[in-house]
Amino acid sequence: MAELDGAPVAPEALQALGLINYGHFTSMRVDDQHVRGLSHHLDRLVRDCREVFDADLNRDKVREYIRRAIRDKPGSFVVRVTVFDPDLELGRPGATAEPHILVTTRPAGAWPPPPMRVQSASYRRDLPHVKHIGLFGQLWCRRNAQLNGFDDALFIDSSSFVTEGATWNIGFYDGDRVIWPSADVLPGVTMRLITQVHEQTITAPVNLRDVPSMEAAFATNTTVGVRPITAIDNVQLPAEHPIFETLRKEYEEIPPERI
């Protein structure tokens with residue numbers, strides 16, 4: 001399913017996405033027409049539109065387009081809202097933009113998701129605080145990790161400090177507290193929600209050499225919630241730990257918002 005500004009999308013309207021690839025988006029898991037952190041997702045779209053296009057985005061209109069696209073669709077699925085300008089020209093990205101709203105859906109994965117193994121990769125996303133559609137570098141790192149027998153890539157900086165995953169945030173548990181790496185990362189909605197409800201939480205630098213001293217590690221994003229990480233390079237971590245159930249329970253008790 002794909003709708004542009006509330007109507008079925010014509011293929012030619014998507015050429016700018018494929019050929020120029022300039023824009024931003026957010027993805028959210030919908031469960032029976034409800035989303036945890038919906039307000040945060042809408043805030044992100046408004047904030048990123050101002051930075052990417054120097055334009056204001058009407059959050060009420062975005063919400064209405066989402067409602068139209070999913071109508072009364074039952075069950076669980078993932079909605080992606082992509083903001084881009086179909087008339088943007090490669091040679092004139094500085095022209096006054098008129099952002100449009102593309103709403104697409106895809107099936108939701110298993111909940112809770114299976115554990116995963118990740119390979120570290122030295123990489124920093126452009127504009128890390130913006131959820132933009134320039135995914136080539138992230139997918140390149142993910143592809144290399146999978147070719148090497150891992151499930152995904154974990155980004156580190158030039159000094160081996162952990163930043164974020166390819167499309168997720170990472171958290172660690174040291175036996176007392178949840179630790180989010182202090183780095184230039186995309187502030188994920190799920191990470192924000194967990195931070196709000198889990199009191200024993202800090203943000204601090206985490207180096208790869210610190211990983212063996214951690215009791216557990218996990219990935220978070222809207223599609224997976226809390227996903228255990230069982231290996232970072234050659235360091236093995238548990239697939240089951242009480243902290244996973246605690247965080248999942250706290251997260252799932254957050255009241256979802258009706259779309």
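**Cavity and pockets of the model**

Student: How does the lining of the largest cavity divide by class?
Tutor: Six nonpolar residues, two charged and one polar make up the lining of the largest cavity. Ala, Val, Leu, Ile, Met, Phe, Trp, Tyr, Cys and Pro count as nonpolar, Asp, Glu, Lys and Arg as charged, and the others, Gly among them, as polar.

Student: What sort of model is this, and how are residues numbered?
Tutor: This is a predicted model, with pLDDT of at least 70 needed for local features and 80 or more for side-chain atom pairs, while totals for chains, interfaces and linings use all residues. Numbering runs from 1 along each chain as its sequence is written, and side-chain values use heavy atoms, leaving out hydrogens and water.

Student: How many cavities of 30 Å³ or more turn up?
Tutor: One, in a search of the whole structure. On a 1 Å grid over the protein atoms alone, a cavity is a set of points where a 1.4 Å probe fits but cannot get out, and a pocket is an open set with protein on both sides within 12 Å along at least five of seven lines; lining residues have an atom within 4 Å of a point.

Student: What volume does the largest cavity have, and which residues line it?
Tutor: The volume of the largest cavity is about 30 Å³ (the space filled by probe spheres set on points joined across faces, edges and corners). Its lining consists of Trp 111, Pro 112, Pro 113, Val 224, Gly 225, Val 226, Arg 248, Tyr 251 and Glu 252.

Student: Which elements give two or more of those?
Tutor: Strand 14 (225-232) and helix 6 (242-252) do. Helix 6 has the largest share of the cavity lining, with three residues. Helices (H or I, at least four residues) and strands (E, at least two) are DSSP runs, numbered from the N terminus.

Student: On to pockets. How much space lies in the largest one?
Tutor: The largest pocket holds about 750 Å³. Its lining takes in 41 residues, and those nearest the centre are Lys 131, Thr 167, Trp 168, Asn 221 and Thr 223.

Student: Which elements supply at least two residues of that lining?
Tutor: The helices are helix 2 (38-53), helix 4 (136-147) and helix 5 (189-197), and the strands are strand 3 (24-31), strand 5 (76-84), strand 6 (100-107), strand 9 (162-165) and strand 13 (216-221). Helix 4 gives four residues, the largest share of this pocket's lining.

Student: Which domains does the lining of the largest pocket draw on?
Tutor: Domain 1 (2-107) and domain 2 (116-258) each give at least three residues to the lining, with bounds from an automatic or database domain assignment.

Student: What about classes there?
Tutor: The lining of the largest pocket has 17 polar residues, 14 nonpolar and ten charged.

Student: And the second largest pocket: what volume, and which residues line it?
Tutor: Its volume is about 150 Å³. Around the second largest pocket are Asp 5, Asp 56, Leu 57, Asn 58, Lys 61, Tyr 65, Pro 99, His 100 and Ile 101. Helix 3 (59-70) and strand 6 are the elements that give two or more residues to this lining.

Student: How do the residues of that lining divide?
Tutor: Four are nonpolar, three charged and two polar in the lining of the second largest pocket.
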